[in-house]
Amino acid sequence: MKKIYLFILVLSCLAINAKAQSVEDSLKEQLSEIKDRVNGLDERLLTSESDLSKLTKIKFSGYIQSEFNYYENKATYPSNNFSLRRVRLKATYEAADGVKFVLQPDFAPGSLSLKDAYVVLNDHFVQNGLFKNALSLTAGKFNRMNYEVEYSSSQREVPERSLVIRSLYPGERAIGFKLEVNPQNIPLKLQLGMFNGNDGGFTQFSDTTGKSASNTIENKDYDSFKDIMARATYSFKLGDFGGLDIGAHAYFGSLKSSTNATLHSDYATIDSSKVGDAVKKNWFGAEFQFFADVLGGLSLKGEYIAGKNATLGGSKFANGNLLPNFQNNFAGYYVYLIKNVGKKNQFAFRYDYYDPNTDIKGSDVTITKYAGSNTAKIGSMKSSIADLATSTFTFAWHYYFDDNIRITLAYAIVQNEKVGTNAAGVTNYKASYTNPDGTIGYNDYSTIFKQNQLTIRLQAKF
Amino acid sequence: MKSLKTKKIIASFAIIAIAIVSFAFINQERITVKGSDTMVILAQKWAEVYMKKNPNASIQVTGGGSGTGISALINGSTDICNASRKMKQTEIDKLKARYNTLGVEIPCAKDGITIYLHPTNKVKELTLKQLSDIFAGKIKNWKEVGGANAEIRLYGRENSSGTYVFFKDNVVKADYAPNCQTLPGTAAVVNAVKKDVNGIGYGGAAYSAGIEICKVKKDDKSPAYEATAETIKKNQYPITRYLYMYLRNRPTGAMKAYIDWILSPEGQNLVTEMGYFPVK
């Protein structure tokens with residue numbers, strides 16, 4: 001009997017052991033399976049992380065400016081409207097450390113255009129000394145090097161840039177390249193650029209036969225002349241009180257002459273020039289930006305630019321006259337005063353002035369002495385309201401609803417330089433416009449006529 | 001619509017001037033602090049002790065990384081930004097554009113970026129060059145720096161972290177290796193290295209309790225140092241940095257009182273207590 005019990009006991013032990021072994025084997029198998037799964041998940045996670053890290057190199061930003069405008073100028077019809085001033089979407093791709101691609105179209109209704117398209121290469125070769133990682137090369141279509149030009153419209157404290165900047169840098173961008181030196185330990189920035197130099201739409205006179213062709217493709221080159229631009233800025237820190245940035249820029253450009261004479265801005269001096277010669281447009285500017293921490297942020301910014309600008313003439317052999325190139329001395333400046341009021345509000349004031357022809361005063365416009373002395377060469381070109389200066393006072397109040405939304409109320413008081421009394425009786429001191437009923441009206445430049453503008457803008461930025 | 005007359009312009013200026021002065025004197029009691037994860041335990045301690053001493057004060061502290069804190073300072077959602085790196089020029093430019101100030105930088109503590117290793121790792125010291133090559137992915141096996149024959153596993157911070165930027169700019173001086181696992185906070189880096197015998201990570205000295213610290217040498221010929229109060233003070237430890245507080249404007253009222261207290265001996269004693277190093 002005992003033997004039977006012993007046999008059953010041994011059998012039970014063996015059975016339990018076999019079962020335990022089986023459970024252990026099963027657990028090992030399950031553990032191995034789980035390990036394989038975790039390894040599989042690890043691999044998938046690494047792949048996903050790798051894919052996601054590529055996506056983080058692409059960044060999108062942009063803004064929409066939706067606004068209501070009221071124009072006092074009777075030449076503007078309708079006198080008020082809703083519009084989308086800027087609809088920008090900017091895509092930035094950092095392909096590698098120090099290599100960046102930027103693409104920014106503007107989707108404003110009816111005028112889809114490419115604003116920016118450029119690549120930036122940052123230097124990684126200079127690893128020591130003053131210029132360690134300080135150099136960068138930008139190539140493509142991008143903003144020219146001027147404070148107000150480079151200052152984003154989404155940040156600017158008044159709705160539009162100053163008239164002098166809009167006149168000298170239409171469209172702001174140009175196609176070319178730019179070298180920038182920005183040493184890490186010195187608050188100095190040097191910029192040197194070369195561009196096609198043809199900005200905005202214009203009419204080009206193709207040859208001496210007087211044939212003209214329109215070139216409305218912005219920034220496309222049509223001559224071999226290239227424009228060169230340089231800018232230097234330096235920042236001073238004034239302790240905790242604020243800072244002062246100063247700078248200067250120079251522009252050396254030219255246009256290809258389509259005619260044999262260049263008339264100067266006094267409407268009396270003419271230089272002979274051949275078709276194909278370079279008509280110079282050179283100017284210099286000096287700028288400052290002062291920031292002070294006085295009961296919240298305050299800034300005072302300004303820039304003065306003066307020099308020669310140029311527009312092309314052309315041949316008009318049909319009537320025996322010649323339309324010469326025109327090279328005008330100009331001057332312009334702007335001054336901003338900006339004050340933050342708490343975290344949410346900001347007040348801004350800007351005065352800007354642009355005189356497209358510093359050799360002609362308002363009182364001299366259309367006076368005979370400035371009419372062409374050599375009609376065979378300069379035809380009927382006379383000084384006109386196009387030579388008058390314009391002053392603009394702009395007041396703006398911004399409310400920052402949050403980081404993304406800014407609401408702006410702005411009022412621009414525009415004042416034209418008046419033509420003199422001697423101009424009365426001649427025809428070009430008035431600018432005509434057509435009224436809605438078809439009648440002709442005139443803006444009379446012997447007075448300061450109404451041309452103020454109210455803007456209420458809602459800006460959404462991301 | 002009539003043109004504005006001179007009197008109206010003057011009246012508008014007067015109203016604006018009154019509004020500006022009125023807003024400027026609004027006293028702010030509630031202070032929000034955001035930014036560096038490296039500094040978050042210190043900032044929380046400062047806030048906790050200060051609020052106990054000043055029951056009327058309300059200070060809210062959150063982390064998120066130095067980059068996140070600086071963005072918050074620019075977009076107005078925080079009053080104080082803690083940062084373990086200096087503000088970049090592009091960030092100062094944004095501050096200028098939005099608030100017309102250059103910001104106020106206040107160094108409030110010092111830190112030594114510490115290299116964490118698993119306690120079983122044979123490697124006890126590394127040069128800056130070796131650290132650069134390890135985190136750039138040029139050195140991939142511990143045997144290349146005197147350790148076991150095993151693959152090096154890298155742990156680091158996310159790119160919004162000031163520590164990430166400082167370590168990259170001052171030590172790695174190149175892109176991080178693609179296999180460097182990014183983790184949300186120094187504590188997570190320390191935990192990951194604790195569990196990985198072949199792991200290496202970097203972060204603030206205050207998080208180094210319970211983990212092996214790797215000594216760092218400037219080069220082959222220099223002595224190896226650990227981040228201590230003495231080596232930081234004597235500028236011997238090669239990866240030393242300041243920790244900053246950034247403000248939009250010069251502090252006034254409650255904010256000034258709080259910052260003055262942080263820089264006082266009492267505030268600086270807490271810096272040492274929490275494992276960081278005082279500025280003075």
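**View 1. Ala117(A) sits across from Lys141(A) in β5(A).** Strands here are DSSP runs of E with at least two residues, helices are runs of H or I with at least four residues, and both are numbered from the N terminus. β5(A) covers residues 135-143 and runs antiparallel to β4(A), with six bridges joining the two. Two strands count as paired if DSSP finds at least two bridges between them. This is a predicted model, where local features need pLDDT of at least 70, side-chain atom pairs count only at pLDDT 80 or more, and totals for chains, interfaces and linings use all residues. Residues are numbered from 1 along each chain as its sequence is written, while chains are lettered from A and ligands numbered from 1 in the order in which they are written.

**View 2. The hairpin of β3(A) and β4(A) has six residues between its strands.** Strand β3(A) spans residues 99-106, β4(A) spans residues 113-122, and eight bridges hold this antiparallel pair together. Asp106(A) has Ser113(A) as its bridge partner in β4(A). Look for Gly110(A) in this hairpin: its phi is positive, near 85 degrees.

**View 3. Domain 1 of chain B meets domain 2 of chain B.** The bounds, from an automatic or database domain assignment, are 29-111 + 241-273 for domain 1 of chain B and 115-238 for domain 2 of chain B. Taken over C-alpha atoms, their centres are 27 Å apart. The contact (C-beta atoms, placed from the backbone, within 7 Å) takes 16 residues from domain 1 of chain B and 15 residues from domain 2 of chain B. On the domain 1 side, α2 (40-53), α3 (66-75) and β4 (104-112) of chain B each supply at least two residues. α3(B) gives the most to that side, with three residues.

**View 4. The largest nonpolar core has 71 residues.** A nonpolar core is a set of buried Ala, Val, Leu, Ile, Met, Phe, Trp, Tyr and Cys residues joined through C-beta atoms within 7 Å; buried means 20 or more other C-beta atoms within 10 Å of a residue's own, with C-beta atoms placed from the backbone. Helix α6 of chain B (residues 162-172) provides the largest share of this core, six residues. Both domain 1 and domain 2 of chain B give residues to this core, so it lies between them.

**View 5. Leu42(B) is among the residues with the most contacts inside that core.** Not counting residues up to four places away in sequence, Leu42(B) touches Ala109(B), Ala206(B), Val271(B), Met274(B) and Tyr276(B).

How values were computed
Two residues are in contact if their C-beta atoms, placed from the backbone, lie within 7 Å. A residue is buried if 20 or more other C-beta atoms lie within 10 Å of its own, exposed if 12 or fewer, and partly exposed in between; C-beta atoms are placed from the backbone.
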